[in-house]
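Visitor: I've never looked at this one before. Could you walk me through it, one question at a time?

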Amino acid sequence: MAGECVPEGPDMGDMSEEELWELINDNRHRISLGVRPCILIPYLRQARVLTEMDEDEILSSHNLTNRSMRTSYMLDLLRTQGRNGAVALLESLMIHYPTLYTQVTGRKPSTEPSRFSGLIKYSELTEYLVRAVTGMQKELQEARCEASKKSAHCASLELEIRKIMDLEEKSRGLQTENERMRRHLCSLQRDVTKLKDEKCDVYMRYTAAIEEKSAVNMRLHDLNLQIYQLQTELQKAQTENEFQKKCSLRCASPADTPRLQEEVRSLRCQLVKVEKLDPAREDILAQDLAEAIDSQVELAEQLRCYREENEQLLTDKQGLLDQKECLSLQVQQLTLDCKMHQQKSTVIQNQMKELQAERDQAYLSRDEAQTMIARILAEKDTLRCQLVELQEQVFSLQAKRSPRGQRQSFDETEMDWESLRSSCELCPLRSPTRRLLCRMDAINPMSLRSECEDSTASVRSQNPEPPSPESFRRREEALYTDNSLDTVDTESLFEDFVFIPDVGSEDKQTPRLLSSNGSSIDGVSRTSYPPFLMRSRPKAIRVNGRVLSISLQGEALLSQLTVVGGNKTGVFVHQVTEGTPAHTVGISRGAQIVEVRYEQNQKALRMVLEDSTLEEAMWALGQVTGLCHLSLRPRQDDYEALLQQLQSSETISGDSFYVRVNMSLSAGPNGTLAVSCNDILHVTHTRPAGTEDSWRASQVHPCQLLDLQTGNVPNYYRAQRLLIRAIEDMSFQTKKSRKAGRVVEQNKQKAVRIVGTGRHGRSPLWVSVEEENTKSTEPGATSAPKSCLTLMPYSLVTPIFPPICRPVLLLPTILGHCLNKKVADWQGFQLCEPEVLSASEHAARLQRSEILEELEQGTHCCYTLQCVEKVMKKGIHCVLPLGLDCVRRLHRAKIFPIIIFIGLSARSARKLKSKLQRHSQSEEQLLACSKSEEPLLDKLPCLYHSVAPDSWSDQASLLTSLRSIIWEEQKKIVWVEHDQW
């Protein structure tokens, strides 16, 4: 029903070339996005609107990085074929993309022969359609089989998931039982604590009773002592009284008698008083003694009771300890069961991920197989066409045979050319695989034909948009210029080169091929030159701005020539050993080595050395075995300038680049430099004298590009091994206590910084080895540092000098929101305000990556780059109330913020409790935010400043230190890494 509603468009047979291409250009964007070139190319090849070279250029050119660019480039090539190219494109769309064909032409697709233009014969068209339908049926059957397999696999996975969920429920039950046992254990521990407290109170009361008893005994002893003293005084008084009485009776006079009698009466009265007081005191003392004896008996009874209670408590304690041991054993067993279930679930998840990866790999293999089948079919069609053409040529030659003499001369010329062709085929330079188009301005005869095509391709568009008339005019002028200069370059080339079958070898057929007037060379077609050339003069031609491609036997290439220079100046040939193949082909001093190509393990490898270091260049040249191609650029003036700098000790090599160290290295012998993680080093020599695995580097001043302390550091490969060893040591280090574990964790974060090479899989600090056919990294090299792991001990950085005040980003995010307003109140600071956008403007800026962060989801109120630039234009610091996600977006806009991470601990977080409560946050949330954001700092492509938790005591001291940190960071150089993601 949908097909009946499509209106019929104009017939293609009635449309002119311009109308057809105008129709295609109107739908160019749709075609570029919805078409895969590898599907259409077989039909276009069979329609003879594309050649084999065009197919290789579309599918294998490294300048075309995605499918849209390949499709657009294919449209440009079809545009040069005129009306046939447009008709063939529309017919291929009608076969393979009927919906897109209807959208472009407005006509319903049909496979009737009358609907085709006749570019392909009826029999060939029928055969192609049958193959296409058969291939589609096979693909449909394979897709159905794959779908059934995947459904069965999904069912098995669902069954495993159910089992995992059952295990998870069991583990939850075990965890619940574990929690219950823990709570019961805690209650028992509380009961034991209460009993201990009661026992302590009993001991205290017992001690107080003993002290009271000792006090009563002391009082009783004092009373007995007083009684003994009183009795002694009484006896003494009685003795004196009796003695005085006797004396008075003996010598008393009548006059003294009344006085003595009076004294006697007074003494009697006193004695009576004394006799009256003594019984009372004795009663009191006796009563006190009885009370003391009773209290002693009570204390003894209490002591006995306490001893019995103590024995009972000890028995209960022993029982509780036994119960605690049983509970701890049960807890350990439950913990082991939980860990085992977690490991099982992890293994199952990993298996699921592996199955998904295998499924993706199977899809990729299927796509590659389909592409290979299409390419093989296209090659088969090409060979059939060539066979037909050769048969036609044979028939025409047989019909136009000349007399016998001319036939003999023709046979001699044919024999000469066949001998030349056989010598070229026996040469080891020719690669067994089909050679790609050469995209380099060299004067190698093998690339003469591709030079003209390269100049043609340089003016072709690679965008999905249609070209303008001005681009067509420039294209025609460039094509005309290249065609006019092609003959001049070819003629000058034959004056400087002579044909030989192999470099460094002599052949008896060479004099016969070369005549004095050059007739034998002119008789050969210019499009089929032999692959080996040798200069007739000892020195190479000096053509400024051109690249010379020279082929030679590269066995022990470093013994044939020596190199100097580096990534800053380029790698130059310094000396050439006489008598070697390098000297024979005319390589001279002062030539810059741009590229080296060679064959290894039946693979054509290519290394670009134009901006490589001296270490990389020497390693790359040392890998060459057998025949190689060197691309040289004459730069004699730059080479002489480098030699003058080396002789005057202005520089020590041609290397110069800056790296960020991702690990800590201690000082060692032979001038080894001690560096810390996140230090910036200026590497000035990658192959210093006397060392093979070290670099010569200097520490850099934080505010200026000045070299400070200089020494040796491990090179990239050795530093990578040291990094892996350090990570292994930290991973297997035993944790003796919880405190020791925290120290190990802090040292680990300070010692190394885990950085990988990203999705590209290669390091920017090492030369890349590519296959010429696939442009992929070569894994076959055994002794190459390039094949090591993806951990990067050094990161390549670039210095940047911000001309204005840099924005300020405070982390953790929760603490930054609390302090942003305080910082914005300072002079020279302003808080970044959000901007309200319309729906269309929001979509446009989101597409341009100008939105840093949205204030609320669902609204169009967000922070944009324009808000930050508006504040920065005032010459003040912009305070960013954002998170870490905005850093990379700011870097893309050439804005480099000052990142300050405030370290936190439980003690320092309590100092900000009131501040957090005003912002509806808690200490636990702040610590969790700090713990989650701290590992992400090492993934930033720039340096950051970290504030220690013990460096501030309150909010005021923290703000003061932040102000000084911002002032210092503004004066420093910004070091930015190459983003690997």
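This is a predicted model: local features need pLDDT of at least 70, side-chain atom pairs count only at pLDDT 80 or more; totals for chains, interfaces and linings use all residues.

Visitor: Which strands stand at the edges of the open sheet of five strands, and why is one side of each left without a neighbour?
Guide: The order in this sheet is β16-β20-β15-β21-β22, with parallel pairing. Each edge strand has a single partner, so one side of it is left without a neighbour in the sheet. The strands in that position are β16 (829-831) and β22 (945-947).

Visitor: In the three-strand open sheet, what is the bridge partner of Ile851?
Guide: That sheet has the order β17-β19-β18, and its pairing is antiparallel. β18 and β19 (residues 861-864) are joined by three bridges. The partner of Ile851 sits in β19, and that residue is Thr864.

Visitor: What angle does helix α22 make with β18?
Guide: Helix α22 covers residues 839-847 and lies across β17, β18 and β19. Helix α23 (residues 865-872) also packs on this sheet, and its direction makes about 55° with that of β19. For α22 and β18, the angle is about 125°.

Visitor: Which residue in β14 is the bridge partner of Arg660?
Guide: β9 pairs with β10 (residues 680-685) in the antiparallel sense over four bridges, and there Phe657 stands opposite Val683. β9 also runs antiparallel to β14 (residues 794-800), joined to it by four bridges. In β14, the partner of Arg660 is Ser795.

Visitor: Is Val624 buried or exposed?
Guide: Val624 lies in the loop between α17 (614-622) and β8 (627-634). Its contacts include Gly554, Leu557, Val596 and Tyr598. Its relative accessibility is 3%, so Val624 counts as buried.

Visitor: How far apart in space are Val624 and Glu555?
Guide: In sequence, Val624 and Glu555 are 69 residues apart. From C-alpha to C-alpha, the distance is 6.8 Å.

Visitor: Is Val297 buried or exposed?
Guide: Val297 lies in helix α9, residues 257-399. Together with Leu289 and Ile293, Val297 forms a nonpolar patch on the surface with about 250 Å² of accessible area. Its relative accessibility is 54%, so Val297 counts as exposed.

Visitor: How many salt bridges does the whole structure have?
Guide: Side chains of opposite charge can pair when their charged atoms come close. Glu17, Glu18 and Arg79 are even linked in a network of salt bridges. Searching the whole structure gives a total of 24.

Visitor: How far apart are the closest N and O atoms in the salt bridge of Arg45 with Glu55?
Guide: Arg45 is in helix α3 (residues 37-46) and Glu55 is in helix α4 (residues 52-60). Both Arg45 and Glu55 are buried. The closest N and O atoms of this pair are apart by 2.5 Å.

Visitor: What separates Arg182 and Glu179 along helix α8?
Guide: Their side chains meet in a salt bridge, at 3.8 Å from N to O. Arg182 is partly exposed at 39% relative accessible area, and Glu179 is partly exposed at 38%. They are three residues apart in α8 (residues 122-251), so the separation is about one helical turn.

Terms used: Residues are numbered from 1 along each chain as its sequence is written. Side-chain values use heavy atoms; hydrogens and water are left out. Two strands pair if DSSP finds at least two bridges between them. Helices (H or I, at least four residues) and strands (E, at least two) are DSSP runs, numbered from the N terminus. Contact means heavy atoms within 4.5 Å. Axes are lines fitted to C-alpha atoms, for helices over the stretch in contact, and angles run from 0 to 180 degrees between N-to-C directions. Patches are made of residues with over 30% relative accessible area and no salt bridge: like charges are joined within 9 Å, nonpolar side chains (Val, Leu, Ile, Met, Phe, Trp, Tyr) within 5 Å. Accessible areas come from the Shrake-Rupley method with a 1.4 Å probe; for residues, only the protein chains shown count as cover. A salt bridge is a side-chain nitrogen of Lys or Arg within 4 Å of a carboxyl oxygen of Asp or Glu. Buried means under 20% relative accessible area, exposed over 50%, partly exposed in between (1.4 Å probe, protein chains only). Lists of a residue's contacts leave out its neighbours within four places in sequence.
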